[in-house]
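Me: Hey, I'm new to this one. Can you walk me through it?

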Amino acid sequence: MPRPASRAATTGFTAVVQDVVLGPELAAYTRLVRTRPRYVVVLAPRPDATADA
């Protein structure tokens, strides 16, 4: 849950939240973090790019 990250950010820490959230759930998930600035990074490689991994 990003709530602890929000608390950390309001006290001056840089919080990083890592999770696997896909599709429409991503928007709802990111709205849980109310502090700003807020950045969302999505790693979504093509299937063929991960096939050799």
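Me: Let's start with the lining of the largest pocket. How many residues of each class does the lining have?
Reply: This is a predicted model. In it, the lining of the largest pocket has 20 nonpolar, four polar and three charged residues.

Me: And what volume does the largest pocket have?
Reply: About 900 Å³. It is lined by 27 residues, and the closest to its centre are V17, Q18, Y39, V40 and V41.

Me: Which elements give two or more residues to that lining?
Reply: Those are α1 (3–10) and α2. The largest share comes from α2, with three residues.

Me: OK, on to T30. Where is T30 found?
Reply: T30 is in helix α2, which covers residues 25–31.

Me: Is T30 buried or exposed, and why?
Reply: T30 counts as buried because its relative accessibility is 16%, and the cut-off for buried is under 20%.

Me: What is T30 in contact with, leaving aside neighbours within four places in sequence?
Reply: R38 and V40. V40 also came up among the residues closest to the centre of the largest pocket.

Me: What about the polar side-chain atom of T30, which backbone oxygen lies 3.0 Å from it?
Reply: That's the backbone oxygen of A27.

Me: Changing topic: how many salt bridges does a search of the whole structure find?
Reply: One. R46 pairs with D48, and their closest N and O atoms are 3.1 Å apart.

Key: Residues numbered from 1 in each chain as written. Predicted model: local features only at pLDDT ≥ 70, side-chain atom pairs only at ≥ 80, totals over all residues. Heavy atoms only, no water. Helix = DSSP H or I, 4+ residues; strand = E, 2+ residues; numbered from the N terminus. Buried < 20%, exposed > 50% of the residue type's maximum accessible area, 1.4 Å probe, protein only. Polar contact = N/O pair within 3.5 Å; in protein donor to acceptor, adjacent residues only side chain to side chain. Contact = heavy atoms within 4.5 Å. 1 Å grid on protein atoms, 1.4 Å probe; cavity = no way out; pocket = protein on both sides within 12 Å on 5 of 7 lines; lining within 4 Å. Points joined across faces, edges and corners; volume = space filled by probe spheres on them. Nonpolar A, V, L, I, M, F, W, Y, C, P; charged D, E, K, R; others polar. Salt bridge = Lys/Arg side-chain N within 4 Å of Asp/Glu carboxyl O.
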